[in-house]
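Q: Could you take me through a protein structure and show me how its features are read?

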Amino acid sequence: MEREQGNITGYLAGVGTVAIWSGFILLSRWGGKTGLTPYDILALRLAAASLFLLPFCRGLAWSHWRDPRLWTLALSGGLLYGLLVYAGFTGAPAAHGAILLPGLQPFLVAGAAWVLFGTRLARERLLGLGAIALGLACVVWPLLSGRQDWSPALLRGDGLILASSLVWALYSVLARHWGYNPWLLTRFVALASAVVYLPAYLLFLPKALDAVPLEVLLIQGVYQGIGPTIVAMLLFLKAVAILGAERTGAMIALVPVLAGVAAVPLLGEPMTPWLLAGLILVSTGACLAARPVSRLTRSVPCPT
């Protein structure tokens, strides 16, 4: 009985993680369609996360603030990733983001681990990575063949999101290799990123906070800063602790298809048969590639 209750708790934590990470893609795309700049959304995210985490920063010793590895992770996974992904969603639809962010991570993480540390690709992953490649082909083919219109804004958006996904894969592999505690990383990345970024944003970067209603600012700040950054991380760790990495990874693989399909009614974005096939193939591939086969090829949670 207790085991069944524990499994239910694990599945609820997994469902909550999937919902929050899917919401991150949808809300980021929605923010990109408002009058807010990418600099605004990142500032709102870091400000909200920092305010929430300040009471928990006692565990951050001076040695942490002098650690160049932690600063590398903060500047990549916190600042560079955030700037790229929010800029990308000004032009790329949510379905493309769903494919290029969580969907592409197993592929990029395996490649980053091989380039950085010579980690060989496990045979068990080949089927999953092949499905991801086919899913990407389904998205790219209509654009190359002229069956679907494309624009410079779309290509720029897709390119920026692809770059952000690569940055997150590098962050993921380095974080695993260096062995930092996830809660330490969550706090340091958010606070260190805020210390560097917020003064620069206030002094030098363009702003459009007055272009949207106050409720839009609150939604973006609270959700982006607390939901994916903190709550989803804790739920993910809870799910892994109860269900294990394989079952949790299989649940997280639902994020691409759920976010892509939900963007149709919520954001009014079109869904073509090619795009739907790409979403299904990428989610299937991510599920097949979820089984952890080595320390370096497992990624930290979805890029958020």
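Predicted model: local features only at pLDDT ≥ 70, side-chain atom pairs only at ≥ 80, totals over all residues.

Q: How do I read the packing of helix α4 against helix α8?
A: Two packed helices are described by the angle between their axes and the distance between the axes. Helices here are DSSP runs of H or I with at least four residues, numbered from the N terminus; the axes are lines fitted to C-alpha atoms over the stretch in contact, and the angles run from 0 to 180 degrees between N-to-C directions. In this structure, helix α4 (residues 68-88) packs with helix α8 (residues 152-178) at an angle of about 160°, and their axes are 8 Å apart. That angle makes α4 roughly antiparallel to α8, given that angles under 35 degrees count as roughly parallel, over 145 as roughly antiparallel, 65 to 115 as roughly perpendicular and the rest as oblique.

Q: Is the crossing of α4 and α8 left-handed or right-handed?
A: A crossing is left-handed if the near helix is turned anticlockwise from the far one by less than a right angle, and right-handed if clockwise. The crossing of α4 and α8 is left-handed.

Q: Which residues of α4 and α8 meet?
A: Contact means heavy atoms within 4.5 Å. On the α4 side the residues include Leu73, Leu80 and Leu84, and on the α8 side they include Leu160, Val167 and Trp168. The residues of this contact divide into 15 nonpolar, 6 polar and 2 charged, where Ala, Val, Leu, Ile, Met, Phe, Trp, Tyr, Cys and Pro count as nonpolar, Asp, Glu, Lys and Arg as charged, and the others, Gly among them, as polar.

Q: How do helix α2 and helix α10 cross?
A: The axes of helix α2 (residues 38-53) and helix α10 (residues 214-243) come within 8 Å and cross at roughly 60°, which makes α2 oblique to α10. The crossing of these two helices is right-handed. Among the residues that make the contact are Ile41, Leu44 and Phe52 of α2, together with Leu217, Val222 and Ile226 of α10. Sorted by class, this contact has 10 nonpolar, 5 polar and 1 charged residues.

Q: What does the packing of α5 with α7 look like?
A: Helix α5 (residues 94-103) and helix α7 (residues 126-145) have axes that come within 11 Å and cross at roughly 155°, so α5 is roughly antiparallel to α7. The crossing of α5 with α7 is left-handed. His96, Ile99, Leu100 and Gly103 of α5 make the contact with Ile132, Leu136 and Val139 of α7, a set with 5 nonpolar, 2 polar and no charged residues.

Q: Is Thr37 buried or exposed?
A: Buried means under 20% relative accessible area, exposed over 50%, and partly exposed in between, with a 1.4 Å probe and protein chains only. Thr37 sits in the loop between α1 (2-33) and α2, and its relative accessibility of 17% is why Thr37 counts as buried. Leaving aside residues up to four places away in sequence, Thr37 touches Pro206 and Ala208.

Q: Where does Met271 lie, and what does Met271 touch?
A: Met271 belongs to the loop between α12 and α13 and is partly exposed, with a relative accessible area of 27%. Not counting residues up to four places away in sequence, Met271 touches Gly260, Val261, Val264, Leu276 and Leu279. Met271 and Gly260 are 11 residues apart along the chain, and their C-alpha atoms are separated by 8.4 Å.

Q: How many disulfides does the structure hold?
A: A disulfide is a covalent bond between the sulfur atoms of two cysteines, and it is counted here as a pair of cysteine sulfur atoms within 2.5 Å. The structure holds 0 disulfides. Cys138 is in no disulfide, and the nearest cysteine sulfur, that of Cys287, is 18 Å away. Cys138 counts as buried at 12% relative accessibility, whereas Cys57, at 27%, counts as partly exposed.

Terms used
Residues numbered from 1 in each chain as written. Heavy atoms only, no water.
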